[in-house]
2 protein chains.
Amino acid sequence: MNILTRPILEINYDNLLSNYISLTKAANEAIPAAVIKDDAYGLGAKSVASVLYTRANCRHFFVAHAVEGEKIVENAQEAKIYVLQGIGNDNLDVFQKHHQLIPVISSPEMFAFWKANKLPDIKPVIQIETGLNRLGFREKDLQKLSDDDLKEFSIVMSHLACADEKEHFMNQRQLEQFTQLKKKFFPNIPASLSASDGVFLGADFHFEMVRLGAALYGINSTPYRQNQMRNVVTIKAPILQITTLPKGEFVGYSATYRASSERKIAIISIGYGDGLPRSLSNVGKVFFKNKEKIEECRIIGRVSMDNIICDITNISHAQVGDLAYIAADFYTIDDVARDAGTIAYELISRIGKNSRFLRN
Amino acid sequence: MNILTRPILEINYDNLLSNYISLTKAANEAIPAAVIKDDAYGLGAKSVASVLYTRANCRHFFVAHAVEGEKIVENAQEAKIYVLQGIGNDNLDVFQKHHQLIPVISSPEMFAFWKANKLPDIKPVIQIETGLNRLGFREKDLQKLSDDDLKEFSIVMSHLACADEKEHFMNQRQLEQFTQLKKKFFPNIPASLSASDGVFLGADFHFEMVRLGAALYGINSTPYRQNQMRNVVTIKAPILQITTLPKGEFVGYSATYRASSERKIAIISIGYGDGLPRSLSNVGKVFFKNKEKIEECRIIGRVSMDNIICDITNISHAQVGDLAYIAADFYTIDDVARDAGTIAYELISRIGKNSRFLRN
């Protein structure tokens, strides 16, 4: 008998590449940049960057923080790495050490910092606000910039709020605002408005560069239609124990599940410490493969830090050491996230952040 | 102006020590073991283990996985490190390398594996099931063990399901079941039933060893009364930008917030990528310190991966670079978790798992 204790995270790099190529095609002439912030949405920024850099010639990456960019400079030596949260007193040293890192400047205050601490030969990106009301220069801020200030920047970018809803009125409104501000203040530099979801809003939204994140990792960033991307993430965990739960017995913390009849249960080695949302308590599903068949069972009781308990009464073949599927091509990270009441972005950004996961 | 970009996680090690000492006193004669699984609930197992080992002479630690134990062997060289998820094909090598690691055996199958792969001079812990219906030997499993088998073990343990509710009927029921099985099968070895919450159920629940986890880290494991522990975790993040939100404007993804009047907003550098639950969207609070005064404001719109947006209309003094408090002694991780619809265990096990956090 194969006794296993650790959860497993599998990344399908071929599918990741295929997604990158599909998205690049959909974006026509726009330069594709890969968004690998938050450790490539939890999947591992080093490996993801290496694969895209060496196998798909990707030369533009976005991270949120300079320390994230620092981790991939070795794996993508000729690439430009844009840092969305920008530059400040707490990361200036990282920028000074790695000349591939290019700050995104999103506020007048950060721009003042930049002017006092310029890096040689680096032209930052400027982020402008067009409706998300998150980071970025408003029109009134841009009006205060001198002609020389405006020439400091290499790219002008903004970010869409509702691009995952194709018909949302915000999309057209942000496009118009972006087009107008770009024309007025930055007529001669490349522009970037769209992330993965924006790519599918049409050619007007592409400009010179698109920022490919969620869809790269197989997340459906166009939930108004079937996912066009291939699955990248598979999450599995081994059965540690199988036992009989007598009728009337309770399961898990706070005894939130009670057996209405005798059940067969499996204790599986994954929990919220591994990033599995606790909101899957008494709701989430896991799956077993029986030759070609996929068999479904339910999480019962609370998700605990290291374990879940599943009702496997109908899974006759299950044995200790078998692997339960949490997410796979037949039940994707989008499906698991929906069950947990969140989005796959949050789900995968948590999964795999501990050292317990075996990774391919 | 101080421009900052990174969130900050502060661990108060003095308060951690104070909690350890309080819990140790409450547990009377029982040996205190520190539970530092899942990277010490996300706070950093190496530092936590070092502090408890060197400053409080803690010599017993529990982790979930052997790879977690491996990370602290250097920092706690004379300690015993018990591995709750046990031993199997995927971590046998780790046990063979580090003789401080002691597996907890929770199933007949794992015990068979143990007998085939015994480690010299190691006597494992046995976990028995008393009502949580998670990992552990049931009575029928114990009956199948030979006298020699029973002598294999150094400690017998179980785990309570409802110890955070003092009057819950399960507590007494599990205590009776544990006492009976211990007497019958393991009369001569030390026993351990209680985690932090169990310590406060009274001396009957202490046995020879208690396993101190949540309460060490300042979590209120006795929510039926005010927290007796000191606060250990402070989470802060800097304001990246302050701007005016005109009446009628929307905020964040999917435009879930709309301003009913002109507001002043702050964009703050922390998001679900940093472990802040996305369920705090339009619900969570952040705080600013103004001399001695604590001023509260609300997260508006969705929590995104790297940022939150807060309504700071009433915080006149706020400036770019100021630090917003997410959790602190005046609004603890228990409070934040409640706002997010979860428990502080899940909250802190996510926070700080990325590389962006500055740590003390």
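Okay, let's start with F61(B): skipping its neighbours within four places in sequence, F61(B) is in contact, meaning heavy atoms within 4.5 Å, with A34(B), I36(B), A49(B), L52(B), Y53(B), I72(B), A76(B), A79(B), K80(B), I81(B) and Y82(B). Before I go on, this is a predicted model, where local features need pLDDT of at least 70, side-chain atom pairs count only at pLDDT 80 or more, and totals for chains, interfaces and linings use all residues. Residues are numbered from 1 along each chain as its sequence is written, chains are lettered from A and ligands numbered from 1 in the order in which they are written, and side-chain values use heavy atoms, with hydrogens and water left out.

Back to F61(B). Together with I36(A), F61(A), I268(A), I36(B) and I268(B), F61(B) touches the most other members of the largest nonpolar core, which has 268 residues. By nonpolar core I mean buried Ala, Val, Leu, Ile, Met, Phe, Trp, Tyr and Cys residues joined through side-chain atoms within 4.5 Å; buried is under 20% relative accessible area, exposed over 50%, partly exposed in between, with a 1.4 Å probe on protein chains only.

Next, D311(B), in strand β16 (residues 308-311) of chain B; strands are DSSP runs of E, at least two residues, and helices H or I, at least four, numbered from the N terminus. Why do we call D311(B) buried? Because its relative accessible area is 14%. Its side chain makes a polar contact of 2.5 Å with the side chain of T313(B), and another of 2.9 Å joins the side chains of D311(B) and R263(B). A polar contact is a pair of N or O atoms within 3.5 Å; within protein, one must be able to donate a hydrogen and the other to accept it, and residues adjacent in sequence count only if both atoms are side-chain atoms.
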